[in-house]
Structure formats: structure tokens, C-alpha cells
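The following note sets out numbered comments on the structure shown below.

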Amino acid sequence: MVLDHRQNHLDAFRKGIGAAVYPIQIVVDAPFRLWDWLREGTTTRSELQLELSRLKAERLITKAELQQLTALKAENARLRDLLEARTRIRDEIRVAGIMGVDANPYRNSIVIDIGEREGAYDGQAIIDAVGVIGQVIQTGLTTSQAMLISDPSHSLPVEVNRNGLRTIANGTGEFDRLNLPFITNNADIQPGDLLVTSGLGGTFPAGYPVAVVETVNRIPQDPFADVTAKPAAALDQVREVMLIWSSAEVPADEDPDDE
């Protein structure tokens, strides 16, 4: 030991023994290394699966938020259209939201979130940014039911904007079609003519767009032509509407400048 310590006589012997024992160490250590590798691999896989699940959840949340942003963007666009339309309207108006739609296929009606408390009244005219929607038929304290101009029982006095020809536009039960049953064969009306409210009857103020004439079929053996028109407003897509008060109908407890 003294000689080995001072002169390293056994160094070669130790190296030989180490070389001979190394394979045995590898064999003995292999199960432990394999277990550590499997455990690390399993842990890494679990972490990756958790991370993947988290990313998927975040992706779904992000998509939902994007959908909300898209809806808000569309709503803002509609509100801007309403505000722009409001600047063109001489009468006093108030924006209302639609709370419900009548599921009855023979009735075209909606429920809005303005009622008697805000000054709504039966028969009040309702429009949107592009045209006439309908009129209030029943008011509650905070909500009102309104009939659309497409309802089969609704009739609206209109006139041809081009020449002032007056007639009646009747609902058909279809959101995209109105009938004009009292147009004579020799009347001056043609596809593309804009129909506006005539102001007769007192319900709708004059001059609001109602529909555009689509078809004019003149039947020689009949006194009246078959005339249809498409409403100016998308009655089945509207989300916000405007109620109209004439200057004499503005609720006394409201300041128009607060609108």
C-alpha cells in the first residue's frame, strides 16, 4: 500500500479491474436508468397533455370572446346606423331593443323593451335605420307588443315617392313581400319605385320608406294589377328599432334633449 501510494505500482491493476467490472455496473444500473427514463417520459407526456388541454381551453375561450366581439361590432354598426337615421328624422324618437319574436307562423309580431312608463302608446309607429317596421298594438308597463308590416292583418297607407300615387300596402305573412291590391291597370307604377308612408290615417308620419316595388303584372280582364313590393327593412333580422313621437306626442315628463 505504501509503495502503491508513493509510486502507483497498482495503478494498472486497478484500471484492469475497473474495465472488467464496468459491464457489470452497466447491467446493474440499467433497470434504474430505464425506470428514471420512463418516469421522466411519462411526466413529460402528462405535462404536455395538460399543456395541450390548457391551450385548447384557451383557444375555445378566445373563439367565444371573438364571437362576442363580432356580435358587439355588428351591434355597434346597427346602433351607428340608427343614430345616423335619427339625425335625419324630424320627429322625436327613442331606440328600443327587441326582447322576443312571436313564434306563430300566422302572426308577425315582436316584443320591445319600452312600455307605458317610457311613454309608449297603442298605435305608435316603429321604424329602423332604413324603413318602417310596424306599430305598437299593446303596451305594458315596461314592454310593448308590436305588429310588423308583414303581418297578414296589417295595412299601411303608402304613396309612390316618384309621383305621389296613393294606395294601401298589405302584409302577406312573409317578411320579404307586401301586396298592393288596389293598383289599377293604368296606374303609373313600375318595379323599383319607392313606397313611403303617406301620412293618411294618422298612425305613421309621412315620408318614411316602406318598401320597393318588385313586380307589376297588369291583367287585362281584371280592374286591378297584381303588384308586390319588398319591405325596405329586413323585418326578420332587425335587432333594434325606433319608436316615433310627433312633437305633440312627446311625453310631458321627458326632455327631448335628453334623448
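1. Surface and burial. The chain has an accessible surface of about 16400 Å², and carbon and sulfur atoms account for 56% of that area; the areas come from the Shrake-Rupley method with a 1.4 Å probe, and for residues only the protein chains shown count as cover. Of the 259 residues in the chain, 29% are buried (buried means under 20% relative accessible area, exposed over 50%, and partly exposed in between, with a 1.4 Å probe and protein chains only).

2. Basis of the model. This is a predicted model, in which local features need pLDDT of at least 70 and side-chain atom pairs count only at pLDDT 80 or more, while totals for chains, interfaces and linings use all residues. Residues are numbered from 1 along each chain as its sequence is written, and side-chain values use heavy atoms, with hydrogens and water left out.

3. Secondary structure. The chain contains two helices and twelve strands; helices (H or I, at least four residues) and strands (E, at least two) are DSSP runs, numbered from the N terminus. Along the sequence the pattern is α-α-β-β-β-β-β-β-β-β-β-β-β-β. Among contacts between residues at least 6 apart in sequence, 58% join residues at least 24 apart (contact means heavy atoms within 4.5 Å).

4. The barrel. Six strands close into a barrel with antiparallel pairing, in the order E1-E2-E5-E4-E3-E12; two strands pair if DSSP finds at least two bridges between them. From one strand to the next, the twist averages 45°, where axes are lines fitted to C-alpha atoms (for helices over the stretch in contact) and angles run from 0 to 180 degrees between N-to-C directions. Within this order, strand E3 (residues 125-127) and strand E12 (residues 240-245) pair in the antiparallel sense over two bridges. Ile126 has Leu243 in E12 as its bridge partner.

5. Pairings of E6. Strands E6 and E7 run antiparallel and are joined by five bridges, with Pro157 standing opposite Ile168 in E7. The two strands form a hairpin with five residues between them, and Gly164 in the turn has a positive phi of about 80°. E6 is also joined to E9 by three bridges, again in the antiparallel sense; here Glu159 stands opposite Val196.

6. Salt bridges: Asp151 and Arg107. The model contains six salt bridges, a salt bridge being a side-chain nitrogen of Lys or Arg within 4 Å of a carboxyl oxygen of Asp or Glu. One of them joins Asp151 to Arg107, with the closest N and O atoms 3.5 Å apart. Asp151 lies in the loop between strand E5 (144-148) and strand E6 (155-160), and Arg107 in the loop between strand E1 (92-101) and strand E2 (109-112), so the pair ties together parts that are 44 residues apart in sequence. Asp151 is buried at 1% relative accessibility, whereas Arg107 is partly exposed at 29%.

7. Arg166 bridges to Glu159, the closest N and O atoms being 3.9 Å apart, and Arg166 is exposed, with a relative accessible area of 54%. Arg162 forms a salt bridge with Asp193, for which the closest N and O atoms are 2.9 Å apart. This pair links distant parts of the chain, 31 residues apart: Arg162 is in the loop between E6 and strand E7 (166-171), and Asp193 in the loop between strand E8 (178-180) and strand E9 (194-197). Arg162 is partly exposed at 40% relative accessibility, while Asp193 is buried at 4%. Salt bridges with shared partners join Arg162, Asp188 and Asp193 into one network.

8. Ser150. Leaving aside residues up to four places away in sequence, its contacts include Asn108, Gly171, Phe175 and Leu235.

9. Aromatic pair. The structure holds one aromatic pair, where rings of Phe, Tyr and Trp (its six-membered ring) pair if their centres lie within 6.5 Å, and planes under 30 degrees apart count as stacked, over 60 as edge-to-face and the rest as tilted. Phe182 and Phe224 form this edge-to-face pair, at 6.3 Å centre to centre and 85° between the planes. Phe224 is partly exposed at 37% relative accessibility.
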